[in-house]
Amino acid sequence: MVSYLGLALAIAGAALAALLSGIGSAKGVGMVGQAAAGLISEDPSKFTKVLILEILPGTQGLYGFITAIMVMIKIQLLSGNPIMLTPQQGIAVFVACLPMAIVGYFSALHQAKVAAAGVSVVAKKPDQQSKAMVLSAMVETYAVLALLTSLLFILRLSF
Amino acid sequence: MANNEFLYAVAVVRANELALLSGQDLEQLITAPDYKKAVAMLTDKGYDEPDGTDYSAMLDAQLEKTWELLKTNAPEAEGLNTFVVKNDFQNLKACLKAEIADVDAKEYLVKPCVIEHDFLLDCVSQRKFDELPEFISEAAKKGFDTVTKTGNGQLCDVITDSATIKAMQYFAKLFGDELLTEYADTFALAADIKTAVRSARTDKGEGFIEAALVETPYIDIAALSQAAVEGEQAVLELLDESKLADYRAALESGASAFEKYCDDKLLAIVKKAKYSAMGIGPLAAYYIARETEIKSLRIILSAKISGASADTVRERMRELYV
């Protein structure tokens, strides 16, 4: 009898990476969007400046998606003929996805808080927008590291 | 309430903070050659034109605009009532006294406030005190009974004044924000010290003092009441013992120095929210910042009319938020 447990675990890991990072980004972009809308309601000319800040917490969702795609490629799910993984291999793929899933979620929320504070910077000192962006981008570092960790794990796994 | 609830409103406030007057602006107003020039500078900064030398309406309108801005953008921020509920009690006092004097209270009512003027007037004139919100109904009933049965306006004031501070603490605690609670409790402390000193100077009885004082975590109310009975020196010593020597020093510098010290202390509390991007703190801070600015403007404009010196005005200037 063919066991689908390994494959299911690998798919669950990919789904988790995309889900948690996506939820974090959606919440994050929403938070900065609220702050941005508040500022635009008073000063519409600052739309472009705050748009960049709003986009920043959205990248984690993209990283989660890349992780999921990499898993799908690795297990040949996209070809329609997936590799039948053992439960141990499935667990390995699942664990490999966790850095992106967990760090993606939390870093998106924290980046959103910094970006929302950046909206206040733009409100009072529009010429300092680039500094607000840099501060927010610092949080991104950890999402990028988590993405690299997950990708390296996935790529180095051999079935 | 989640701390990120007011992201939109905070951004609105941050954009509007640019219109708050800076220390430099106030200095320019202080050194303006006359009242007309000072008013012209204010209208350039977004204030309405005053009606001649009656600048009160202009300043009141600005504060009302600030309140409207906050209520429009954060209608669910009930904690902000902490800052305006004192106006409701002011209005209540006006209504109660107008009832006794048989005059129309409407022109004495102030804004911003929590309770609509017409509703308050109706409740007082129809004696429907139970229909008033919980935070004011008891004080309204007691105040009315006192003023009608005893004719003692001062006692009525004591009842409403202590109820004012309790209502501020009520709204602050209801919202559960640390900054609001600290503000309300510090406000209560200042009021208690003023009451104790005034009572000591006028030889008030213990019953009167106890009714006037409001609980605050910064001082033992029973001890303060006892000290007030013993005299002003006992109150000052109690302040030292309660690690409130800074209040004692301000008191010893005179009444206006004490008022300024208390206002600065309250502003220092809301200044903690100066760099927050979310939460009710920045909204509260914006309102207090505007209120403080208006207090300073009243002093400047009144000095312009009376011809008081710039140095006298500078002494009374409050700390600014920006």
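Trainee: How many salt bridges does a search of the whole structure find over all chains?
Mentor: This is a predicted model. The search covers the whole structure, over all chains. The number of salt bridges found is 26.

Trainee: B:Glu27 is in a salt bridge; which residue does its side chain meet?
Mentor: B:Glu27 lies in helix 2 (residues 23-30) of chain B, and its partner lies in helix 16 (residues 310-316) of chain B. The pair links distant parts of the chain, 287 residues apart. The N to O distance is 2.6 Å in another bridge, that of A:Lys124 and B:Glu17, and 2.7 Å here. The partner of B:Glu27 is B:Arg314.

Trainee: Across the interface of chain A and chain B, how many salt bridges does the rule find?
Mentor: The side chains of A:Lys124 and B:Glu17 meet in a salt bridge, 2.6 Å from N to O. That pair joins a residue of chain A to a residue of chain B. Across the interface the rule finds one.

Trainee: Which three residues supply 41% of the area that chain A buries against chain B?
Mentor: Chain A and chain B bury about 1,200 Å² between them, with 67% of it on carbon and sulfur atoms. The contact takes 15 residues from chain A and 15 residues from chain B. Three residues of chain A supply more than any other three. They are A:Gln34, A:Glu42 and A:Lys124.

Trainee: What elements does chain A have, from the N terminus on?
Mentor: The C-alpha atoms of chain A fill a box of roughly 65 × 25 × 20 Å, taken along the principal axes. Chain A has five helices and zero strands. From the N terminus on, the elements run α-α-α-α-α.

Trainee: Now chain B. Are helix 5 and helix 8 of chain B roughly parallel or antiparallel to each other?
Mentor: The axes of helix 5 (residues 81-101) and helix 8 (residues 153-175) of chain B come within 9 Å and cross at roughly 155 degrees. Angles over 145 degrees count as roughly antiparallel. Helix 5 and helix 8 of chain B are therefore roughly antiparallel.

Trainee: How do the residues of that contact of helix 5 with helix 8 of chain B divide?
Mentor: Helix 5 of chain B brings residues including B:Val85, B:Phe89 and B:Lys93. Helix 8 of chain B brings residues including B:Asp157, B:Met168 and B:Phe171. The residues divide into 10 nonpolar, five polar and five charged.

Trainee: Is the crossing of helix 1 and helix 15 of chain B left-handed or right-handed?
Mentor: The axes of helix 1 (residues 7-17) and helix 15 of chain B come within 9 Å and cross at roughly 30 degrees. That makes helix 1 of chain B roughly parallel to helix 15 of chain B. The contact includes B:Val13 and B:Glu17 of helix 1 and B:Tyr286 of helix 15. The crossing is left-handed.

Trainee: Which residues of helix 9 of chain B make the contact with helix 15 of chain B?
Mentor: The axes of helix 9 (residues 178-201) and helix 15 (residues 281-306) of chain B come within 9 Å and cross at roughly 35 degrees. Helix 15 of chain B brings B:Gly281, B:Ala284, B:Ile288 and B:Glu291. From helix 9 of chain B come B:Leu179, B:Leu180 and B:Tyr183.

Trainee: Where is B:Pro112?
Mentor: The peptide bond from B:Lys111 to B:Pro112 is cis, with omega near 0 degrees. B:Pro112 is in the loop between helix 5 and helix 6 (117-125) of chain B.

Notes
Residues are numbered from 1 along each chain as its sequence is written. Chains are lettered from A and ligands numbered from 1 in the order in which they are written. This is a predicted model: local features need pLDDT of at least 70, side-chain atom pairs count only at pLDDT 80 or more; totals for chains, interfaces and linings use all residues. Side-chain values use heavy atoms; hydrogens and water are left out. Axes are lines fitted to C-alpha atoms, for helices over the stretch in contact, and angles run from 0 to 180 degrees between N-to-C directions. Helices (H or I, at least four residues) and strands (E, at least two) are DSSP runs, numbered from the N terminus. Angles under 35 degrees count as roughly parallel, over 145 as roughly antiparallel, 65 to 115 as roughly perpendicular and the rest as oblique. Contact means heavy atoms within 4.5 Å. Ala, Val, Leu, Ile, Met, Phe, Trp, Tyr, Cys and Pro count as nonpolar, Asp, Glu, Lys and Arg as charged, and the others, Gly among them, as polar. Buried area is the accessible area (1.4 Å probe) that two parts lose on being put together, summed over both. A salt bridge is a side-chain nitrogen of Lys or Arg within 4 Å of a carboxyl oxygen of Asp or Glu. A crossing is left-handed if the near helix is turned anticlockwise from the far one by less than a right angle, and right-handed if clockwise.
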